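Open the structure in your viewer and keep the selection tool at hand. We will go stop by stop.

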Amino acid sequence: MILVTGGAGYIGSHTVVALAEAGYKTLILDNFSNSHPAVLDRLERISGTRPNFVEGDIRDGDLLDSIFKQYSITAVMHFAGLKSVSESVSKPLEYHANNVLGTLNLLAAMQRAELFTFIFSSSATVYGDPDSVPVKEESPRSTTNPYGRSKLIMEDILDDLHRAEAKWNIARLRYFNPVGAHESGLIGEDPQGIPNNLMPYVNQVAIGHREKLSIFGGDYPTVDGTGVRDYIHVMDLAEGHVSTLDYLLKSGGMLTANLGTGRAYSVLEMVKAFEVASMRSVKYEIVSRRSGDIAECWADPSHAEKVLGWKTRRGLDQMCADSWRWQQRNPEGYQ
Ligand code: NAD
Ligand code: UFG
């Protein structure tokens, strides 16, 4: 059985579906700080079986010990954590307590249980403002905010751990920009309050919850002046985790990999593609740059392809169509 921390959240829930499809049993541990219990019913509807679930916090060591005693866990996929860059600037202690201390607590409990296979959600944010694109795993790392620092710190600690004890099998997966939803429209991204990220905001404009999209910056040195990113369908990302798990269980060792498509799109290109997929128009206005944003970042995903035999399969049209299906069928999210 695979322990999926944060498995009720956006990426974790889609990965639970991909794990079930690949024949793995899962146990979700989540404190619902950024998710909703209804996701468990939806997962059952998609996969035909209900994932095992424990409500609780990764910072609770006794709870982790009891989970590792009660269930026969073979590996841990660790998605639980806080993820808002802007919130991390105003709440650094909360971010480091969750993302660094929480992860250390989980690793210590794994060590007590003699369980040594661990997949960590890192982020393209560790490349900071890259000097050149596409970024490779060896590209320089840097950060400008506490969220990014929490990922950098954990990447380094995992490196220390593997150097000290080679029995640990560890993957540090650097996600680019996950978008889209499961094709059933039953699970998807459900941001609380005003969305920080582009695609949830675009969806909310299209459905009529928000008046218009503010495009942060029209004067970047990019194809059309707007920011450029590597958007990856969340189910491709989820399948990348299954490939990583298969790889770690078979070959072990330490893996660092970019999970992106290698394709770059500007904000305006995303809006246009979404308008075509949804057959709605998305009103927007170009405003000043968002502080901390970079002009462009996209992945060189060739390492993941070579080592894992994994490749993204879903293009931009499907990313937009699937996110719109989720939004239309769940205009208020899981509520
Ligand atoms: P999410 O907020 O949707 O999911 C995280 C889940 O973890 C939520 O269900 C939340 O309730 C749970 N959680 C948070 N703190 C917890 C704790 N202390 N104990 C137990 N459960 C806890 O986020 P997501 O988009 O699915 O991201 C998953 C991981 O991927 C995070 O580590 C995030 O930093 C990383 N990541 C996300 C993105 C992105 O754009 N979504 C990009 C790169 C990396
Ligand atoms: N954007 C807008 N308007 C919005 C929201 C975003 O114009 O309302 C623009 C941004 O300026 C950027 C692009 O859309 O050019 C993408 O922005 P997102 O906020 O969706 O994504 P980011 O690339 O800024 O950051 C995301 C996550 C980070 C993660 C990073 C890399 O939020 O946590 O991807 O994985 F680190």
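The tour visits a ligand, then a pocket, then a pair of rings.

This is a predicted model: local features need pLDDT of at least 70, side-chain atom pairs count only at pLDDT 80 or more, and totals for chains, interfaces and linings use all residues. Residues are numbered from 1 along each chain as its sequence is written, chains are lettered from A and ligands numbered from 1 in the order in which they are written, and side-chain values use heavy atoms, with hydrogens and water left out.

**Stop 1: the ligand**

Select ligand 1 and show its surroundings. It has 27 residues around it (a residue is near if one of its heavy atoms lies within 4 Å). Asp30, Asn34, Ser35, Asn98 and Tyr147 are the closest.

Now look for polar contacts (pairs of N or O atoms within 3.5 Å). Pick the side chain of Asp30: one of its polar atoms is 2.7 Å from an oxygen atom of ligand 1. Move to Asn98, where a side-chain N or O atom lies 2.7 Å from a nitrogen atom of the ligand. How much of ligand 1 does the protein bury? Taken alone, ligand 1 exposes 820 Å², and the protein buries 95% of that (areas by the Shrake-Rupley method with a 1.4 Å probe).

Next, colour helix H1 (10-21), strand E5 (117-123) and helix H6 (146-164). Each supplies at least two residues of the shell (helices are DSSP runs of H or I with at least four residues, strands runs of E with at least two, numbered from the N terminus). E5 gives the largest share, three residues.

**Stop 2: a pocket**

Select Glu189, Asp190, Pro191, Gln204 and Gln327. Of the 23 residues lining the second largest pocket, these lie nearest its centre. A pocket is an open set of points on a 1 Å grid where a 1.4 Å probe fits, with protein on both sides within 12 Å along at least five of seven lines; lining residues have an atom within 4 Å of a point. Helix H7 (198-207) and helix H11 (316-329) each give two or more residues to the lining. The largest share, four residues, is from H7.

**Stop 3: two rings**

Finally, select Phe116 and Trp168. They form an edge-to-face aromatic pair, 5.1 Å centre to centre with 80° between the planes (ring centres within 6.5 Å; planes over 60 degrees apart count as edge-to-face). Phe116 sits in the loop between helix H5 (92-112) and E5, and Trp168 in the loop between H6 and strand E6 (169-175), so the pair ties together parts 52 residues apart in sequence.

Key: A polar contact is a pair of N or O atoms within 3.5 Å; within protein, one must be able to donate a hydrogen and the other to accept it, and residues adjacent in sequence count only if both atoms are side-chain atoms. Rings of Phe, Tyr and Trp (its six-membered ring) pair if their centres lie within 6.5 Å; planes under 30 degrees apart count as stacked, over 60 as edge-to-face and the rest as tilted.
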